[in-house]
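User: Hey, I'm new to this one. Can you walk me through a few spots?

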Amino acid sequence: MEQNNIPLAEALRPHSLSEYVGQKHIVGEKGSLRQAIDAGKIPSMILWGPPGVGKTTLAHLICQQLKVSFFKLSAISSGVKEIRDIIDSARKTGQTNILFIDEIHRFSKSQQDSLLGAVEEGVVTLIGATTENPSFEVISPLLSRCQVYVLKPLEKTDLQQLLQRGTTMMQQRLQRPVRIAEEDILFHISGGDARKLLNAVELCANTLAGQSQEEIVLDNQNIQQIIQQNLQIYDKGGEMHYDIISAFIKSMRGSDPNGAVYWLARMIAGGEDPKFIARRMLILASEDIGNANPNALLLANECFQAVNVIGMPESRIILSQTAIYLACSPKSNASYMAIDEALATVRQTKDLPVPLHLRNAPTQLMKKLSYGADYKYAHDYEGNFVEQDFLPEELKGHTFYRPGNNARENEMRQRLQKWWKKKYGY
């Protein structure tokens with residue numbers, strides 16, 4: 001194939017880890033995966049992250065650097081037979097073999113079971129790539145044999161580096177100057193996805209090259225216009241899947257049941273896995289509704305269970321009912337904000353000591369050291385409440401949970417005000 005006919009994103013795939021862009025936390029000089037690669041001994045692993053962040057590329061680079069046999073399967077088109085054939089071939093090599101499985105979350109339980117023996121015996125080192133949380137999508141016995149590496153959306157500096165490489169190659173292909181006058185829209189539509197970014201540059205540069213013989217200048221206006229007019233060409237890898245689920249979630253978060261049902265219908269018509277849809281609603285029920293309506297989480301969980309039992313096409317009704325309920329529910333992200341703030345505080349303050357009165361005291365020595373001393377048992381007091389400190393001394397009075405402005409959480413705020421007076425500012 002002529003170089004100019006190779007998609008830009010494919011043509012720019014790096015040939016070494018030094019050319020690899022992004023994921024410094026795992027493949028940078030001090031990254032845990034980089035150290036394993038340099039040592040020449042990698043574990044079986046799951047690469048978990050959004051599309052276009054370099055999962056497949058990283059698998060190829062690992063194989064190239066370790067100079068081992070490389071077998072590849074796509075979970076979409078492969079079954080147990082293909083897995084067994086590859087394992088048989090790997091046994092015959094008598095050397096280290098890497099088996100890369102793209103979209104491993106699409107493998108059934110029986111397909112994943114068929115990998116266990118070969119992974120455990122070391123016949124193959126598994127590298128699975130997934131956009132879905134492996135805790136849900138990979139069976140426990142297989143997951144326990146793998147190290148999970150989380151890949152992040154590419155940062156702006158990463159995208160700028162890719163943009164420079166893409167522009168340079170397009171200039172060589174078109175034999176014309178190519179200049180990026182504005183990059184805002186490019187970064188916005190790519191969403192941290194390298195493939196989307198390079199697809200956009202390639203499509204826009206080729207389109208503008210056919211309209212004029214002058215310098216090719218990409219700005220926000222012509223980029224947006226070209227992408228909108230050629231959406232299917234731009235979305236070569238089918239990443240519109242992620243845009244549609246995003247629109248679905250944002251419709252429910254924005255309390256629009258009509259938008260939610262429309263995007264739900266788009267996903268169902270496109271053959272989306274109903275469990276994937278139900279799982280996203282389960283997350284939203286806690287992240288965006290929370291204690292404004294605790295029943296939302298219960299209903300979303302029942303929806304997930306029912307979809308697993310019922311299957312399609314009947315599950316469309318259950319999904320619709322749940323999506324409409326979530327969209328019409330009062331909203332609060334207070335629990336989501338509280339845990340993220342608490343985690344940030346933990347990272348900043350490290351391991352603060354547990355106050356003595358809150359410590360467990362199972363031995364006499366611990367009791368002599370005042371473990372558990374002065375602890376007040378709430379049920380011994382009127383109203384099952386007594387004021388005492390439950391945070392480390394350094395964080396005394398710090399507020400993590402701030403109730404949302406809705407009926408349920410306003411009730412919670414009133415109780416907290418009654419109990420804690422001015423301590424937490426409720």
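Predicted model: local features only at pLDDT ≥ 70, side-chain atom pairs only at ≥ 80, totals over all residues.

User: How far is Met337 from Ile249?

Analyst: Their C-alpha atoms are 18 Å apart, and the two residues are separated by 88 residues along the chain.

User: Switching topic: at what angle do α17 and α18 pack?

Analyst: About 170°, with the axes of α17 (residues 295-310) and α18 (residues 315-328) 9 Å apart. An angle over 145 degrees counts as roughly antiparallel, so that is what α17 is to α18.

User: Which residues make that contact?

Analyst: On α17 they include Leu299, Cys303 and Val307, and on α18 they include Ile318, Leu319 and Tyr325. By class, the α17–α18 contact has 11 nonpolar, three polar and no charged residues.

User: What about the largest nonpolar core, which residues touch the most other members?

Analyst: That core has 31 residues, and Leu8, Leu186, Leu197, Ile216, Leu218 and Ile223 touch the most other members.

User: Which helix gives the most to this core?

Analyst: α11, with 10 residues.

User: And what is Leu197 in contact with?

Analyst: Setting aside neighbours within four places in sequence, Leu197 contacts Leu159, Leu162, Leu163, Leu186, Phe187 and Ser190.

Key. Residues numbered from 1 in each chain as written. Heavy atoms only, no water. Axes fitted to C-alpha atoms, helices over the stretch in contact; angles between N-to-C directions. Helix = DSSP H or I, 4+ residues; strand = E, 2+ residues; numbered from the N terminus. Parallel < 35°, antiparallel > 145°, perpendicular 65-115°, else oblique. Contact = heavy atoms within 4.5 Å. Nonpolar A, V, L, I, M, F, W, Y, C, P; charged D, E, K, R; others polar. Core = buried A, V, L, I, M, F, W, Y, C linked by side-chain atoms within 4.5 Å. Buried < 20%, exposed > 50% of the residue type's maximum accessible area, 1.4 Å probe, protein only.
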